Amino acid sequence: MSTVVLTVENAVARYGEVVALDRVSIEVREGEAVALLGANGAGKSTLLKAIIGHVPLTAGSMRFAGQAIDRLAPWQRARRGLGYSAEGRRIFPAMSVRENLEVAGEENRAERAERIDNVFRTFPVLRTLEDAPGWRLSGGQQQILAIGRALMRRTRLIVLDEPSLGLSPALVREVFERLGELVAAGGAVLLADQNAAAALPVVQRAYVMQTGRIMAQGGADEIGRSGILEAALFG
Amino acid sequence: MSIPSRRHLPLLAGVVALAVWPLVFSSAYDLRVFTLAGIYAILVIGYQFIFGHAGALALTQGAFFGLGAYITGLLGAKLGWSALATLPLSIMGPMLLAVIIAAPVLRLETHYFALATLGIAQILLLVAIRWESVTGGANGLPGIPALTFLDVAVPGGLPMVLFVWSVVALAGLFAWQAMRGLYGRAFHVMRSNELLAASIGIDSARLRAVAFLLSAGFAGVAGALYAHTIRVVSPEVLEFHVMVACLSMAVIGGRTGVAGAILGAVVLVHLPEWFRGLQDYYLIAYGVALLAMIIVAPEGLAGLLGQAAGTTPSRRAGRIAGAVAPATGESRFRAEAKAAAPLLSVQAIGKRFGGIQALRDVSFDVRSGEIVGLIGPNGSGKTTLINIATGLYAADAGRILFDGRSLTGMRPAAIARLGIARTFQAVHLVEEMLAVDNVAVAVAARRPLRLGRALTRPLRDRAMQSARAEALAIMDRLGIVEAAWHRAGGLPHGTKRQLEIARALALSPQLVFLDEPAAGLNASEQRQLAGQLKSLAEGGLTLLVVEHNMPFLMSIADRMVCLDEGKRIAEGTPSEIRANPAVLGAYFGAASVTPGSRQ
């Protein structure tokens, strides 16, 4: 059995008095892609933000790469190998593709160059656009750049919020294919996406969330067939 | 008027102290400083209109002050006019300038607004220095006569102190009377959230313009009195330090209360005097004292003293609640169900933001008394559609008819007054205001708010009482009347949500847009809300509800409309929507409803 990279246990998060996460427990292993599914407002984004440290937990615990990370600041978690790509991509439009990658890289110049090379090998389209400013990229290319940026450090787990949002079906396929390759190479991916149809084929397991809780979990095929998604939406 | 209670003590003590001061410290110099403190108090009371009540960082108050002083100086010293003529002109001059600059400047956003107003002040300063033939240039205009009305002169010293402080009292009374009732609360709503203000029919642009004019007028009075006190005007009155002093006084004394303006002016004018003994170090001590005051009393000294005296609204609650019996009010909804014609007709609406087509050819109808659910995944265009219907955005294509009338081109406040109310996705309440007043302001905003009406209110403010009574009746209907006399910010989330609905109902609307009303409510609160919304619809109200909580929405909706990527993809009864594969596809991707077709 492969090593567990991330464990979240009984996580509770609140926005004021509104409970956004209600005793949520999940687990991600090396060489595995896991999806968080569910309708708007189910708590997917909140869970991802709690994992990267942008939303504090009021109860529960999180371990990443064998260590408790609850008390670490977001940048400390990033340095331990937690990569994150936010919803809406958030690339720097005025910077070139290379610069977008460089700003996220290691301090060591040689290491950084090697990382960029690595990203370019994984996503050849970025090499062809190396000097193009971010704003010139299509939505799908921007999403790939955002994922590439999350890979600029030694990343043990990459966390993606709505990678398919606003992309055409063809681009969604391409983005998810690249993610599949990353996982095949031994990385781990945790993604939250509404587009279950696009996400399920590339993940091994999925958690279905509803109003802040995990209402179901299982293998990707099982989740796709069982009518759980319909129940998650309509109750 | 009630017997002065404990909460009036600081005010009484302050008035007594102000009255005794000039009699005790009666050296000529002390009296002159005290006169200046009064003049600054008038300036700051005026500045509170735009800076405090309207919440706009205008940096023109010093310029208005200088202009008032120059008008008095020019007409008094050069032409020998009496104060009977120069004083009104010194008020009108700055107000005229305010009218001229209001149109281009008041629309600007915060820091641009501050910069633009600063620029205007600099232009006036340059004119005063360079236009030597008229203004006397850097030397200014000497020989301004003492204040004289119909041959009766007000000599310097104690008479001038009394005159200036009488004007302070009048100015304070004016500001207090204008702002103590619903008019002042409308300002409070506006400065806390302009979007919200528009949604309940408050015309922010108008309120801000009125506040700007009042500020200018008060600054003109202060400038004229300053010229008569110092008897010389030079470009110094237009320099930035006057503006800085005025701003500091408003921040340190308090941004909105008259007592704060007076306190700020008296303390800041006297602070250099008190620290004079420190000689070279006095500026440092002055700075430290200012900093300390800001840290100790971020709400201003007046707020600090009020807290010390225990002036909290809940103490007053019982009394006012007793005075205002909750009205037994029947539904006031103007619901004349015209069975055939739809109340709201969305016709081929299109909207584009940059490269994103947020809405594309969306059409649907809402009939009177119906509850229609508007659903769709994130980014499908639901809120954009509401924002177009309520006038916040303009559509690129199509039109929306309300009761047969096109809403195109109408301002949000006008649409609200037409009978369309809304609530917001996130809770938008004026947190520091009483819950009942959050609703009462919306009751008041059904009629255009007018300064004149506010100024002529009797002491026992019946308009306020009847607005509160109506607010209480609405809150009673929603079962939240016991929260009425608490500050809105301290209420539980569920109550806040219902308070927003109460505020929407206060507009006597025919149609209410509810943006995620069930968000964050627990199961029993959701059931309660569902029951209330259904009974409102039975009473003739029409509801368009955006909601992600499908079990909740399906339990109340007569029909549902589903948007996806800006297009209307489905419409029907809840059970039809549930059975429609396109809806599940919109939420979870096209293939998720036909398992096995993947791979």
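**View 1. The contact between chain A and chain B in the predicted model.** Across this contact, 21 residues of chain A meet 21 residues of chain B, where two residues are in contact if their C-beta atoms, placed from the backbone, lie within 7 Å. Helix H8 (196-199), helix H9 (220-225) and helix H10 (228-234) of chain A are the elements that give two or more residues to the side touching chain B. H10(A) gives the most, with four residues. By class, this side of chain A has 11 nonpolar, seven polar and three charged residues. Nonpolar means Ala, Val, Leu, Ile, Met, Phe, Trp, Tyr, Cys and Pro; charged means Asp, Glu, Lys and Arg; the others, Gly among them, are polar. Helices (H or I, at least four residues) and strands (E, at least two) are DSSP runs, numbered from the N terminus.

The model is predicted: local features need pLDDT of at least 70, side-chain atom pairs count only at pLDDT 80 or more, and totals for chains, interfaces and linings use all residues. Residues are numbered from 1 along each chain as its sequence is written, and chains are lettered from A and ligands numbered from 1 in the order in which they are written.

View 2. Strand E1 (residues 4-15) and strand E2 (residues 18-29) of chain A run antiparallel and are joined by eight bridges; strands pair if DSSP finds at least two bridges between them. Thr7(A) in this pairing stands opposite Glu27(A) of E2(A). Two residues lie between the strands, and Gly16(A) takes a positive phi near 60 degrees.

**View 3. The fold of chain A.** Chain A has 10 helices and 10 strands. Its C-alpha trace spans about 50 × 40 × 40 Å along the principal axes.
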